[in-house]
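Work through these exercises with the model on screen. Try each task before you read its solution.

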Amino acid sequence: MRVDLRLKHDVEARKAAIELFERGHGHKSAAAALSIPRNTVAQWLYICRAFGSEVLLSMDGKQARYTYEQKVAAASAVVDGGMAKPDAMREFGVMSLAPLERWCRLYREGGAEAPRPKGRPKGSVSKPRAQARGRGRLPKKLRALVEGGRALTGAKAGAVSALRAEGHGLGHLLECAGLPRSSYYYALSYPGRPTRPGLREAVAEIFSRTANGCGHRQIVMCLRGELGAVIADKTVLKMMREMGIRCGIRRETDRHRYDSCKGVVGGTFENAVGRDFAADSPWRKMGTDVTEFKQPWGKAYFAPVYDFCSKEMVAWSTSASPNMAQQTALLDRLPAKMPEGQTDTPQRHGLAVPACGVDGGGSSGPAWCRACRGRATASATSRPSRSSGI
(Lines give C-alpha, C1' and ligand atoms only; values in the text may rest on other atoms or scores of the structure.)
Protein backbone atom coordinates (compact mmCIF):
# COMPACT_ATOMS: atom_id res chain seq x y z
CA MET A 1 0.00 0.00 0.00
CA ARG A 2 1.33 3.44 -0.92
CA VAL A 3 1.87 5.78 2.03
CA ASP A 4 2.45 9.54 1.75
CA LEU A 5 5.42 10.20 4.01
CA ARG A 6 4.68 13.95 4.07
CA LEU A 7 1.69 13.28 6.37
CA LYS A 8 2.66 12.62 9.96
CA HIS A 9 -0.89 11.58 10.96
CA ASP A 10 -3.25 9.42 8.92
CA VAL A 11 -6.90 10.03 8.07
CA GLU A 12 -8.15 7.98 11.03
CA ALA A 13 -6.44 10.34 13.49
CA ARG A 14 -8.02 13.36 11.79
CA LYS A 15 -11.45 11.68 11.85
CA ALA A 16 -11.09 11.05 15.60
CA ALA A 17 -10.10 14.70 16.11
CA ILE A 18 -13.15 15.90 14.14
CA GLU A 19 -15.44 13.77 16.33
CA LEU A 20 -13.93 15.33 19.45
CA PHE A 21 -14.35 18.82 18.00
CA GLU A 22 -18.02 18.12 17.29
CA ARG A 23 -18.50 17.02 20.90
CA GLY A 24 -17.20 20.37 22.12
CA HIS A 25 -13.61 19.49 22.98
CA GLY A 26 -10.88 22.07 22.53
CA HIS A 27 -7.48 21.45 21.00
CA LYS A 28 -5.81 20.75 24.37
CA SER A 29 -8.22 18.02 25.48
CA ALA A 30 -8.33 16.54 21.98
CA ALA A 31 -4.51 16.47 21.82
CA ALA A 32 -4.35 14.70 25.19
CA ALA A 33 -6.95 12.14 24.14
CA LEU A 34 -5.25 11.37 20.81
CA SER A 35 -1.62 11.69 22.05
CA ILE A 36 -0.88 14.21 19.30
CA PRO A 37 1.01 17.49 19.75
CA ARG A 38 -1.15 20.45 20.70
CA ASN A 39 0.08 22.64 17.85
CA THR A 40 -0.98 20.05 15.29
CA VAL A 41 -4.46 19.67 16.77
CA ALA A 42 -4.77 23.47 16.97
CA GLN A 43 -4.01 23.67 13.24
CA TRP A 44 -6.72 21.07 12.56
CA LEU A 45 -9.20 23.07 14.64
CA TYR A 46 -8.45 26.24 12.66
CA ILE A 47 -8.95 24.37 9.36
CA CYS A 48 -12.24 22.86 10.54
CA ARG A 49 -13.58 26.24 11.59
CA ALA A 50 -12.43 27.97 8.43
CA PHE A 51 -13.10 25.40 5.70
CA GLY A 52 -14.99 22.53 7.28
CA SER A 53 -14.12 18.94 8.16
CA GLU A 54 -14.11 17.81 4.50
CA VAL A 55 -11.06 19.97 3.74
CA LEU A 56 -9.22 18.56 6.73
CA LEU A 57 -9.86 14.99 5.59
CA SER A 58 -8.83 15.76 2.00
CA MET A 59 -5.40 17.18 2.89
CA ASP A 60 -2.70 15.24 1.00
CA GLY A 61 0.47 16.77 2.43
CA LYS A 62 1.31 18.93 -0.57
CA GLN A 63 2.65 22.39 0.19
CA ALA A 64 0.27 25.14 -0.94
CA ARG A 65 1.58 28.13 -2.89
CA TYR A 66 0.26 31.68 -2.47
CA THR A 67 0.72 34.81 -4.56
CA TYR A 68 2.15 38.07 -3.29
CA GLU A 69 -1.21 39.83 -3.54
CA GLN A 70 -2.86 37.05 -1.55
CA LYS A 71 -0.24 37.34 1.21
CA VAL A 72 -0.57 41.13 1.49
CA ALA A 73 -4.38 41.03 1.47
CA ALA A 74 -4.54 38.39 4.21
CA ALA A 75 -1.95 40.12 6.40
CA SER A 76 -3.62 43.54 5.94
CA ALA A 77 -7.04 42.12 6.83
CA VAL A 78 -5.70 40.67 10.08
CA VAL A 79 -3.34 43.49 11.12
CA ASP A 80 -5.18 46.56 9.86
CA GLY A 81 -8.75 45.32 9.65
CA GLY A 82 -8.80 43.28 12.86
CA MET A 83 -10.19 40.17 11.15
CA ALA A 84 -9.90 36.93 13.06
CA LYS A 85 -7.32 34.51 11.72
CA PRO A 86 -9.81 31.66 11.06
CA ASP A 87 -11.98 34.11 9.10
CA ALA A 88 -8.93 35.33 7.17
CA MET A 89 -7.94 31.75 6.37
CA ARG A 90 -11.45 31.06 5.04
CA GLU A 91 -11.61 34.35 3.16
CA PHE A 92 -8.26 34.14 1.38
CA GLY A 93 -7.91 30.34 1.10
CA VAL A 94 -4.95 29.91 3.47
CA MET A 95 -4.71 26.25 4.45
CA SER A 96 -2.40 26.67 7.45
CA LEU A 97 -2.04 29.08 10.32
CA ALA A 98 1.79 29.17 10.28
CA PRO A 99 2.21 31.05 6.97
CA LEU A 100 -0.54 33.52 7.93
CA GLU A 101 1.24 34.33 11.20
CA ARG A 102 4.53 34.77 9.31
CA TRP A 103 2.92 37.17 6.81
CA CYS A 104 1.41 39.19 9.64
CA ARG A 105 4.77 39.49 11.39
CA LEU A 106 6.50 40.62 8.18
CA TYR A 107 3.68 43.06 7.47
CA ARG A 108 4.01 44.66 10.91
CA GLU A 109 7.81 44.97 10.58
CA GLY A 110 8.24 46.10 6.97
CA GLY A 111 4.88 47.00 5.56
CA ALA A 112 3.38 45.75 2.30
CA GLU A 113 6.78 45.16 0.64
CA ALA A 114 8.02 42.73 3.31
CA PRO A 115 6.12 39.62 2.10
CA ARG A 116 7.34 40.14 -1.48
CA PRO A 117 9.53 37.16 -2.61
CA LYS A 118 13.22 37.90 -3.11
CA GLY A 119 15.16 37.38 -6.31
CA ARG A 120 14.12 37.57 -9.95
CA PRO A 121 10.65 36.35 -10.92
CA LYS A 122 10.48 32.78 -12.18
CA GLY A 123 11.17 32.53 -15.90
CA SER A 124 12.79 35.96 -16.22
CA VAL A 125 16.05 36.39 -18.13
CA SER A 126 18.86 38.45 -16.69
CA LYS A 127 19.80 41.46 -18.78
CA PRO A 128 23.45 41.96 -19.75
CA ARG A 129 25.12 44.72 -17.83
CA ALA A 130 25.94 47.80 -19.82
CA GLN A 131 29.59 48.71 -20.08
CA ALA A 132 30.56 51.20 -17.41
CA ARG A 133 31.46 54.64 -18.59
CA GLY A 134 33.18 57.55 -16.95
CA ARG A 135 33.25 57.15 -13.20
CA GLY A 136 32.07 53.51 -13.24
CA ARG A 137 34.72 52.34 -15.71
CA LEU A 138 37.49 50.15 -14.26
CA PRO A 139 40.96 51.70 -14.55
CA LYS A 140 43.31 50.01 -16.98
CA LYS A 141 45.79 48.86 -14.33
CA LEU A 142 43.08 47.22 -12.23
CA ARG A 143 41.27 45.81 -15.28
CA ALA A 144 44.31 43.68 -16.16
CA LEU A 145 44.41 42.24 -12.64
CA VAL A 146 40.71 41.44 -12.43
CA GLU A 147 40.46 39.90 -15.90
CA GLY A 148 43.50 37.75 -15.21
CA GLY A 149 41.65 35.58 -12.68
CA ARG A 150 42.49 35.40 -8.96
CA ALA A 151 44.46 38.60 -8.50
CA LEU A 152 46.62 38.84 -5.42
CA THR A 153 45.58 41.24 -2.70
CA GLY A 154 49.06 42.74 -2.56
CA ALA A 155 49.08 43.46 -6.29
CA LYS A 156 45.64 45.05 -6.06
CA ALA A 157 46.72 47.18 -3.13
CA GLY A 158 49.81 48.34 -5.03
CA ALA A 159 47.76 49.31 -8.07
CA VAL A 160 45.21 51.16 -5.93
CA SER A 161 48.01 53.03 -4.12
CA ALA A 162 49.58 54.09 -7.43
CA LEU A 163 46.27 55.32 -8.83
CA ARG A 164 45.47 57.12 -5.60
CA ALA A 165 48.73 59.06 -5.94
CA GLU A 166 47.51 60.24 -9.36
CA GLY A 167 44.45 61.87 -7.77
CA HIS A 168 41.74 59.20 -7.95
CA GLY A 169 39.39 58.70 -5.02
CA LEU A 170 40.20 55.83 -2.68
CA GLY A 171 36.59 54.75 -2.17
CA HIS A 172 35.94 54.49 -5.90
CA LEU A 173 39.20 52.59 -6.50
CA LEU A 174 38.46 50.06 -3.75
CA GLU A 175 34.95 49.54 -5.11
CA CYS A 176 36.25 48.92 -8.62
CA ALA A 177 38.96 46.55 -7.38
CA GLY A 178 36.59 44.67 -5.08
CA LEU A 179 39.03 45.17 -2.23
CA PRO A 180 37.90 45.84 1.37
CA ARG A 181 39.36 48.94 2.99
CA SER A 182 40.84 46.94 5.87
CA SER A 183 42.55 44.54 3.47
CA TYR A 184 43.99 47.46 1.53
CA TYR A 185 45.58 49.08 4.61
CA TYR A 186 46.78 45.71 5.89
CA ALA A 187 48.52 44.98 2.58
CA LEU A 188 50.24 48.37 2.72
CA SER A 189 51.29 47.94 6.35
CA TYR A 190 52.56 44.39 5.90
CA PRO A 191 53.87 44.04 2.35
CA GLY A 192 54.88 40.61 1.16
CA ARG A 193 58.52 39.94 1.94
CA PRO A 194 60.69 37.80 -0.35
CA THR A 195 61.76 34.41 0.96
CA ARG A 196 65.44 34.25 2.00
CA PRO A 197 66.58 37.33 0.02
CA GLY A 198 70.23 36.67 0.90
CA LEU A 199 70.24 33.47 -1.17
CA ARG A 200 68.44 34.78 -4.24
CA GLU A 201 71.59 35.65 -6.15
CA ALA A 202 73.06 32.22 -5.43
CA VAL A 203 69.86 30.49 -6.59
CA ALA A 204 69.85 32.49 -9.82
CA GLU A 205 73.52 31.72 -10.45
CA ILE A 206 73.08 27.98 -9.88
CA PHE A 207 69.97 27.92 -12.06
CA SER A 208 71.85 29.62 -14.95
CA ARG A 209 74.65 27.02 -15.05
CA THR A 210 72.71 24.85 -17.51
CA ALA A 211 70.81 25.81 -20.63
CA ASN A 212 67.46 24.46 -19.41
CA GLY A 213 68.04 25.35 -15.78
CA CYS A 214 67.86 22.83 -12.96
CA GLY A 215 65.30 21.71 -10.43
CA HIS A 216 64.94 22.83 -6.85
CA ARG A 217 66.53 19.62 -5.51
CA GLN A 218 69.75 20.23 -7.45
CA ILE A 219 69.79 23.85 -6.28
CA VAL A 220 69.34 22.70 -2.68
CA MET A 221 72.31 20.29 -2.98
CA CYS A 222 74.51 23.07 -4.37
CA LEU A 223 73.46 25.52 -1.66
CA ARG A 224 74.16 23.01 1.07
CA GLY A 225 77.42 21.73 -0.42
CA GLU A 226 78.95 25.01 -1.65
CA LEU A 227 77.58 27.59 0.78
CA GLY A 228 76.71 25.40 3.74
CA ALA A 229 73.19 26.90 3.80
CA VAL A 230 70.58 25.32 6.03
CA ILE A 231 67.48 25.37 3.86
CA ALA A 232 64.61 23.02 3.03
CA ASP A 233 63.67 21.77 -0.43
CA LYS A 234 60.24 23.41 -0.35
CA THR A 235 61.77 26.73 0.63
CA VAL A 236 63.91 26.74 -2.52
CA LEU A 237 60.88 25.73 -4.57
CA LYS A 238 58.98 28.68 -3.09
CA MET A 239 61.88 31.01 -3.92
CA MET A 240 61.95 29.78 -7.52
CA ARG A 241 58.23 30.45 -7.90
CA GLU A 242 58.63 33.95 -6.49
CA MET A 243 61.53 34.61 -8.87
CA GLY A 244 59.58 33.22 -11.83
CA ILE A 245 62.10 30.54 -12.81
CA ARG A 246 61.26 26.92 -13.57
CA CYS A 247 63.28 23.99 -14.81
CA GLY A 248 62.51 23.02 -18.41
CA ILE A 249 63.94 19.50 -18.21
CA ARG A 250 61.39 16.65 -18.37
CA ARG A 251 58.60 19.18 -18.55
CA GLU A 252 56.44 17.61 -21.26
CA THR A 253 53.27 19.25 -19.93
CA ASP A 254 52.45 21.94 -17.41
CA ARG A 255 51.74 19.24 -14.84
CA HIS A 256 54.10 16.36 -15.48
CA ARG A 257 53.69 13.26 -13.35
CA TYR A 258 55.83 10.18 -13.06
CA ASP A 259 54.57 7.28 -15.13
CA SER A 260 56.11 3.84 -14.71
CA CYS A 261 54.32 2.35 -17.72
CA LYS A 262 56.83 1.39 -20.42
CA GLY A 263 54.26 0.25 -22.95
CA VAL A 264 54.42 -3.17 -24.60
CA VAL A 265 57.56 -5.00 -23.48
CA GLY A 266 58.67 -8.32 -24.98
CA GLY A 267 56.69 -10.67 -27.20
CA THR A 268 52.89 -10.46 -27.27
CA PHE A 269 50.04 -12.37 -28.94
CA GLU A 270 47.55 -11.25 -31.50
CA ASN A 271 43.89 -11.11 -30.53
CA ALA A 272 42.35 -14.54 -31.13
CA VAL A 273 39.37 -14.53 -28.78
CA GLY A 274 38.32 -10.92 -29.40
CA ARG A 275 36.37 -10.90 -26.12
CA ASP A 276 33.90 -13.33 -27.67
CA PHE A 277 33.79 -16.14 -25.12
CA ALA A 278 31.03 -18.16 -26.78
CA ALA A 279 32.24 -21.55 -28.10
CA ASP A 280 30.39 -24.01 -30.36
CA SER A 281 32.40 -27.09 -29.38
CA PRO A 282 34.76 -28.13 -26.59
CA TRP A 283 38.46 -27.39 -26.72
CA ARG A 284 38.02 -24.31 -28.87
CA LYS A 285 37.98 -21.41 -26.36
CA MET A 286 39.35 -21.62 -22.83
CA GLY A 287 40.41 -19.22 -20.13
CA THR A 288 42.86 -19.27 -17.23
CA ASP A 289 43.73 -17.08 -14.28
CA VAL A 290 45.43 -17.33 -10.89
CA THR A 291 43.37 -17.09 -7.68
CA GLU A 292 44.86 -16.53 -4.23
CA PHE A 293 43.55 -18.37 -1.16
CA LYS A 294 44.59 -17.36 2.34
CA GLN A 295 45.17 -20.24 4.74
CA PRO A 296 46.31 -20.40 8.38
CA TRP A 297 49.70 -21.67 7.27
CA GLY A 298 50.15 -19.16 4.43
CA LYS A 299 48.81 -18.52 0.93
CA ALA A 300 47.90 -20.95 -1.84
CA TYR A 301 47.49 -20.13 -5.53
CA PHE A 302 45.11 -22.00 -7.82
CA ALA A 303 45.43 -21.76 -11.63
CA PRO A 304 42.67 -23.61 -13.57
CA VAL A 305 41.91 -23.82 -17.30
CA TYR A 306 38.19 -23.35 -17.96
CA ASP A 307 36.44 -24.54 -21.14
CA PHE A 308 33.82 -21.99 -22.22
CA CYS A 309 31.78 -24.60 -24.08
CA SER A 310 31.62 -27.56 -21.68
CA LYS A 311 31.80 -25.28 -18.61
CA GLU A 312 34.35 -27.51 -16.91
CA MET A 313 37.92 -27.23 -15.71
CA VAL A 314 40.03 -29.32 -18.06
CA ALA A 315 43.29 -28.82 -16.12
CA TRP A 316 44.57 -27.03 -13.04
CA SER A 317 47.69 -26.40 -11.02
CA THR A 318 48.28 -25.43 -7.38
CA SER A 319 51.33 -23.76 -5.94
CA ALA A 320 52.56 -21.85 -2.92
CA SER A 321 53.86 -19.06 -5.18
CA PRO A 322 52.30 -17.57 -8.36
CA ASN A 323 55.42 -17.93 -10.44
CA MET A 324 56.13 -19.11 -13.97
CA ALA A 325 56.82 -22.65 -12.73
CA GLN A 326 53.12 -22.99 -11.94
CA GLN A 327 52.18 -21.80 -15.44
CA THR A 328 54.66 -24.21 -17.00
CA ALA A 329 53.19 -27.11 -15.03
CA LEU A 330 49.72 -26.05 -16.16
CA LEU A 331 50.76 -26.01 -19.81
CA ASP A 332 52.39 -29.45 -19.44
CA ARG A 333 49.12 -30.96 -18.18
CA LEU A 334 46.99 -29.68 -21.05
CA PRO A 335 48.23 -32.04 -23.84
CA ALA A 336 47.42 -35.09 -21.72
CA LYS A 337 43.85 -33.85 -21.25
CA MET A 338 43.22 -33.20 -24.94
CA PRO A 339 41.01 -35.71 -26.79
CA GLU A 340 42.52 -37.93 -29.47
CA GLY A 341 43.08 -36.18 -32.76
CA GLN A 342 43.09 -32.72 -31.19
CA THR A 343 46.85 -32.61 -30.85
CA ASP A 344 47.25 -33.46 -34.54
CA THR A 345 45.11 -30.50 -35.63
CA PRO A 346 47.16 -27.96 -37.65
CA GLN A 347 48.11 -25.07 -35.41
CA ARG A 348 47.45 -21.62 -36.79
CA HIS A 349 46.23 -18.26 -35.55
CA GLY A 350 42.51 -17.79 -34.97
CA LEU A 351 40.01 -20.35 -33.72
CA ALA A 352 41.07 -23.38 -35.77
CA VAL A 353 43.07 -24.54 -32.75
CA PRO A 354 42.18 -24.19 -29.02
CA ALA A 355 42.56 -20.60 -27.82
CA CYS A 356 43.25 -19.91 -24.15
CA GLY A 357 42.45 -16.45 -22.80
CA VAL A 358 44.84 -15.05 -20.18
CA ASP A 359 44.49 -11.74 -18.33
CA GLY A 360 47.10 -9.01 -18.60
CA GLY A 361 48.86 -9.86 -15.34
CA GLY A 362 52.43 -10.91 -14.73
CA SER A 363 51.66 -14.56 -15.56
CA SER A 364 51.04 -13.67 -19.24
CA GLY A 365 54.16 -11.72 -20.12
CA PRO A 366 57.13 -12.63 -22.30
CA ALA A 367 57.77 -15.78 -20.25
CA TRP A 368 54.27 -17.03 -21.09
CA CYS A 369 54.97 -16.38 -24.78
CA ARG A 370 58.21 -18.37 -24.64
CA ALA A 371 56.49 -21.23 -22.84
CA CYS A 372 53.79 -21.43 -25.51
CA ARG A 373 56.25 -21.24 -28.39
CA GLY A 374 58.49 -23.80 -26.72
CA ARG A 375 55.61 -26.26 -26.92
CA ALA A 376 54.98 -25.46 -30.59
CA THR A 377 51.66 -23.71 -29.96
CA ALA A 378 50.03 -20.84 -31.82
CA SER A 379 49.59 -17.67 -29.73
CA ALA A 380 47.43 -14.52 -29.74
CA THR A 381 46.88 -11.57 -27.40
CA SER A 382 44.75 -8.44 -26.88
CA ARG A 383 44.92 -5.39 -24.64
CA PRO A 384 42.14 -6.25 -22.14
CA SER A 385 43.13 -9.93 -22.08
CA ARG A 386 45.84 -12.06 -23.61
CA SER A 387 44.90 -15.19 -25.51
CA SER A 388 47.17 -17.98 -26.58
CA GLY A 389 46.40 -20.93 -28.82
CA ILE A 390 47.26 -24.19 -27.07
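**Exercise 1. Describe how helix 1 packs against helix 3**.

Step 1. Take the geometry. The axes of helix 1 (residues 11–22) and helix 3 (residues 38–51) come within 11 Å and cross at roughly 65°. Axes are lines fitted to C-alpha atoms, for helices over the stretch in contact, and angles run from 0 to 180 degrees between N-to-C directions. Helices (H or I, at least four residues) are DSSP runs, numbered from the N terminus.

Step 2. Name the arrangement. Angles of 65 to 115 degrees count as roughly perpendicular, under 35 as roughly parallel, over 145 as roughly antiparallel and the rest as oblique. Helix 1 and helix 3 are therefore roughly perpendicular.

Step 3. List the contact, meaning heavy atoms within 4.5 Å. Helix 1 brings Ala-13, Arg-14, Ala-17, Ile-18 and Phe-21, and helix 3 brings Val-41, Trp-44, Leu-45 and Cys-48.

Step 4. Sort by class. Ala, Val, Leu, Ile, Met, Phe, Trp, Tyr, Cys and Pro count as nonpolar, Asp, Glu, Lys and Arg as charged, and the others, Gly among them, as polar. This contact has 8 nonpolar, no polar and 1 charged residues.

A note on the source: this is a predicted model, in which local features need pLDDT of at least 70, side-chain atom pairs count only at pLDDT 80 or more, and totals for chains, interfaces and linings use all residues. Residues are numbered from 1 along each chain as its sequence is written, and side-chain values use heavy atoms, with hydrogens and water left out.

**Exercise 2. Repeat the analysis for helix 6 and helix 7**.

Step 1. Helix 6 (residues 85–92) and helix 7 (residues 97–110) pack at about 105°, with axes 11 Å apart. That makes helix 6 roughly perpendicular to helix 7.

Step 2. Lys-85, Ala-88 and Met-89 of helix 6 meet Leu-97, Leu-100 and Glu-101 of helix 7. The classes are 4 nonpolar, no polar and 2 charged.

**Exercise 3. Which residues of helix 10 are buried**?

Step 1. Apply the rule: buried means under 20% relative accessible area, exposed over 50%, partly exposed in between (1.4 Å probe, protein chains only).

Step 2. In helix 10 (residues 170–177), 6 of the 8 residues are buried. They are Leu-170, His-172, Leu-173, Leu-174, Cys-176 and Ala-177.

Step 3. Check one of them: Cys-176 has 19% relative accessibility, so Cys-176 counts as buried. Compare Cys-309: at 24%, Cys-309 counts as partly exposed.

Step 4. Look past the end. Gly-178 follows helix 10, and its phi is positive, near 65°.

Technical notes:
Helices (H or I, at least four residues) and strands (E, at least two) are DSSP runs, numbered from the N terminus.
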